[in-house]
Amino acid sequence: MEDSNQEIEPCRSIGPHQLDEAVKSQAIIKLSPVQVPAHFKRLECNTNLNLPPLNWLTTSHSSHGLHQALYQNAGFASFRLGQMFPDCVGEVDVVSDAENIKQLLKLPYSAKSAISMVVHKVGNTLLLDEFDIQKYLLRKADDDWKWLRTFILEHIMAYGNEQHNFSLKERSREALQTKNLLSKFLYHSLKQTGDVDNELNAPTQLTNRRASLPIIGPVLPEPKIEENVPDPKSSHAFNRNVVWTFEDIRMLIGTDMPIFGGPNRPCISLRLRDAAQPINVLTGIDYWLDNLMCNVPEVVMCYHLDGIVQKYEIIKTEDLPYLENSQFSPQVVRNVAQNILAFLKANATKAGHTYWLFKGRNDDVVKLYDLTTLCQSQNKGGEQSEQQQQQEINPFTVPVGMLLYSVARNMKNTLEHISPKTAGNIRALLDNCIKLLPKEQYPQIVSSSHYILSDLHVPAGIDPKAPKFNESQSLYDDDDDDEDDEEDQDEEEENYEYYQSAAESGGKANVAVRHICDALRDFKSNAKQSKPAPLVANTVERCNISLQHISAGISCLQYFNGNQEEKLKESEMHAKQEEKQRILHEEQNPNMAKPFNAIPLPYEQLKLVPPPSALPVPTEVQAQPAKKRSTKTKSKRSKSKELATTANSNSKPTQQLSAKFNTQNFGSWNVHLKLLLLEKACLTYATLAEHHYETQSYGCTLRAIELACRCQQVLNKYMANVVSQQSCLLGRAGDCFFQMSKHWHAIEEYRQQYEQLDESSRLISLELEQELEDSELLSLAPVKNVEQVMLHSCKCYEEALEHAQSAESNELLRRLGNVRNELGLKYMYSAQEEYSTLKRNSEGSPETKDCSKSDEEPLYVKLTVNSYDCLRRGIEAFTAVQDNVNLAFLYCNMGRFMRLRAHLTMPNESTIALETQKNFYNEAFNYYEKAKDCLDTRKANAELWDLVQWELSTATFTLAKQLQDFSSADKNSLAEASKEVLDLLQKSLRLCDVEHAGARQVLYSFRSGLIHKRIASFHYAQLRSYGVSELSQLPKATLQLCKYHYEKATQILESLKEVRDLLVVQLERISLHEFLAEVSTHAAQKLKQMQLALEICLQCQLVFGHVIDTNNSVHIDDDDEFKSHLTLYESRLQNALKTLIKLLLTTGKDPKQLSALYKRMYMETLTGKHGIGAQQLATASQSRSHHLHTLLTRLKAMCGAQPSSD
């Protein structure tokens, strides 16, 4: 026998055809555990194939999988393929064994063949598996699938003739002999080579598909092997797993077809044919499809007679449809594939339902039954629930649910960017998974599904303050939807076209199917496929749905099996004992070299191919933290302590336990999933809290933060290295309490919001309460006391600082300092109000005063102490972060506090000493100067700078008034005290910022007017204190300053129309001139000073005019102090006139007859209609200001008429 495949003759029995009739086909190998191709050895003529070769039916690697190509049953292969390649499910149209695909595509040419397949829908993918009625129904016990057996006997077997054969396989002796002969032929054709050559020439094999996937996210449990497929005993592994694209149909198939190759033809398939029998159509289609599915370009035919090799022929794959006696149309096969797929997708629309595609032998109708609907209708009258009945009776439900879970988990963990459309698909898969799997039996998978759904709505890694959910649907997604709709419409229009194509082709095909119909008539063949809605929702909806899934996942934890944990503890103890014995044995028996024995060196083969059964541990499992591997007992609180102890005491065998983690031998999925769910709950509540905080729903915010903090406490309890969000959560809680204090009118609404708790949050809260001790439970309930609310805010900030990192602590310190400042101001104002109330009560009733003395400590004292403490701690906070602006604000408030303290008398003091007040004011000045130093210039913060300037000016002016009005200095220190008062007044005047326009400009002007008045009064008091008897003895500088400041005060107050203070200034000016007239020695000087006094009296007409113009004369006239000033003014006016008359009459020099004028004016003030005496008879509706204004008008008129009368 020679290996000379180049001598194979091409087949000559190929009919004429056109090349453009070929169909599009492409195959991509996903996984091939065998060496491809096998070395082909051409057999010599007359080789007896009936004799078995030496290597027949061997299962070694050198057999290239020939042992399972003919004899092993694939079983429900689509489930195994889906679990092996979950990334393909949803992307391809069909997942199935290659034999099932070929059986469907040969449907128009195989009228006598039977079809029995189960169909499942997973996303957009259909799973097709052969369903042998005799194997799974008729040969089993009567109680197994009794409803389906009854249905078959009553409906299927009664249909047509009674001689139905439900056997799908040809089980005759002749068929078995043919299969054995083919097997011997394949083993004969296998060229034997050395093992080393095989290993060196073997391509790199992908033995674990899932280990190479880029896994994103936490470790989640995988379904058990026996749960993945309906027939767990079947462990068939295909020689090749291929993604086959046939025209526009993508299929994931498994095939065992042997592939051989040689030097000249590297890829061929071998076929054994009986030379006495022609090739029929079905065999030709079979060869053609096998080669297309594996991208094999040629097929080598070996003809034999009774097992004796006769000759070889080689045929190209594209020529197979045109062989003599087996011609068929590739377009017909293509149309069959497209229309059967359209039919199945249009009718098998319910995810999780089991459909049965059936055609009996010699039947011309293919029917599709919904077995799940049949099962439910058969068990409507049962006592058990519908879901329990379905689980007990339908063996496909659990594998379908597991596959839905695996596909969804793969999509979630391998995609870096999940669009809303993809998220909607994942949600639909997991929703169906949860419906199919009972949580009592599969709590791990159900709780994991709920976790993935919660993570889908609130993804890990989002920023709770600004969550971005990628809800914008791209234009490409819309285009895909339009294309899908067009494809569905095309499929509906082309339905059943392949029958016409078969008739027109003129081939010898026996069309076995006249039409495809739905046996249950539930769906129409042109029904459009319902697509999952994209996941688009706002923040609140996402968070609420996420919490619903979290609570549902937590509710599954109670169904975990505790026996696994006990077995785990026993295995751990056993492993520890074995480790101790091994170490002891090594210590007692050290490894030493023995004479005459060679030392073995650890040499290994360069490319050692591991067997398929020895799969490596997935890499993501080894990343499992040791803290999550604790076990759970029946009592949750004792369980928590035990878990923490176990995790802390044993950290060495981390990798070993992690390796067991995914094998279901380690029973800590309970704790692991609980921590994942609580971690997700923490993130969800934090996101929800931020949303409520933005909408000013502070009660809802506090409730969300409270639950998030409790979740964080549980995570910290189990896991030491978890990233804590405690500082962010408590910081936001402090913000909430602070905002509540600002919006105190809505406190009842906030309290009601806090009390609201939906069902999901209630279940989560109960779980958290069981995990934590009563002393560990954090409560953020708002109270009705605004002071306590602000104190709670400070407490939250302080606790947040304990958990904060260095980058976060600065911001928290700023917020804490802000609350301290507000609280200090509140205490300050409350102390001031309380002190004022206490003073009023003590002055009104002596009994209250006596009672106040007997009290231990008045309330205002406590408030004062608290205010100082809060402001001091606020200054410390802002000093730590070097926030100069806020620090200046705090210093300003501290200066205000010192001013308040300067006027408070303590319980042991009757009155506060002036010296003590000076000390407090000096401290206030220091704080104000510190504030200005922090700002440096007005440009840093003009508004705050103006505030500090105003406060400093106010404090300086107030202290000056206190020292000027209540000074008790003796004669020795009077000069020093006077100088101090004058310095303070001048400093206060310099601080009056009248240049910059602003809200305080008018106030500054008014204050400067008052300061000028006080400085003038100060100089006037000095003039009178000299006690001189002559005008020349008075210091001229002091007199000039006095007049200057009086004039400035008059100008400012007159411009501001401040009538009260302006009247007082004018009265003091009149008094000054009267004093100057009094100390004057010459009559002319006296006359001049009194005339100036009279002129000032006449100028007061403007004062009374302002009173009348502002329409508040009655209100001002009712003021007792103003009344007394009016009375004083009237007396000074009359006194000036009388003094002038006396002076003129005494001197005798009156050339202008002024004495007569002054007499008439004086008489007008006494007896005139508008005179002072007439005011007593005036009606109440007329004010004194009005009378005086009219009087002064008359007097001015008399003065103006004097020259003409003369």
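## Aromatic pairs

In this predicted model, 17 aromatic pairs are counted, where rings of Phe, Tyr and Trp (its six-membered ring) pair if their centres lie within 6.5 Å, and planes under 30 degrees apart count as stacked, over 60 as edge-to-face and the rest as tilted. The rings of Trp356 and Tyr369 have centres 5.6 Å apart and planes at 35 degrees, so this pair is tilted. The pair links distant parts of the chain, with Trp356 in strand E13 (residues 354–359) and Tyr369 in strand E14 (residues 365–370), 13 residues apart. Helices (H or I, at least four residues) and strands (E, at least two) are DSSP runs, numbered from the N terminus.

Trp356 is buried at a relative accessible area of 0%, and Tyr369 is buried at 5%; buried means under 20% relative accessible area, exposed over 50%, and partly exposed in between (1.4 Å probe, protein chains only). Phe131, Trp356, Phe358 and Tyr369 form one aromatic cluster.

## Basis of the values

Residues are numbered from 1 along each chain as its sequence is written, and side-chain values use heavy atoms, with hydrogens and water left out. Because the model is predicted, local features need pLDDT of at least 70 and side-chain atom pairs count only at pLDDT 80 or more, whereas totals for chains, interfaces and linings use all residues.

## Salt bridges

The structure holds 38 salt bridges, each being a side-chain nitrogen of Lys or Arg within 4 Å of a carboxyl oxygen of Asp or Glu. One of them joins Asp93 and Lys345 at 2.9 Å, N to O. Asp93 lies in the loop between helix H1 (77–84) and strand E4 (94–97), and Lys345 in helix H9 (residues 330–347), 252 residues apart. Both residues are buried.

Within helix H22 (residues 698–718), Arg703 and Glu706 are 3 residues apart, about one turn of the helix, and their side chains meet in a salt bridge of 3.1 Å, N to O. Arg703 is buried at 13% relative accessibility, as is Glu706 at 2%.

The 13 residues of helix H25 (residues 759–771) should span 18 Å at 1.5 Å a residue, and the end C-alpha atoms are 19 Å apart, which agrees; the expected span is 1.5 Å times one less than the number of residues. Ser760, Ser761, Ile764, Ser765, Glu767, Leu768 and Glu771 are buried in H25. Seen down the axis, these buried residues fall within an arc of 160 degrees, so they line one face of the helix; the arc is that of the directions from the helix axis to the C-beta atoms.

Glu771 forms a salt bridge with Lys674, with the closest N and O atoms 2.5 Å apart. This pair links helix H25 to helix H21 across 97 residues.
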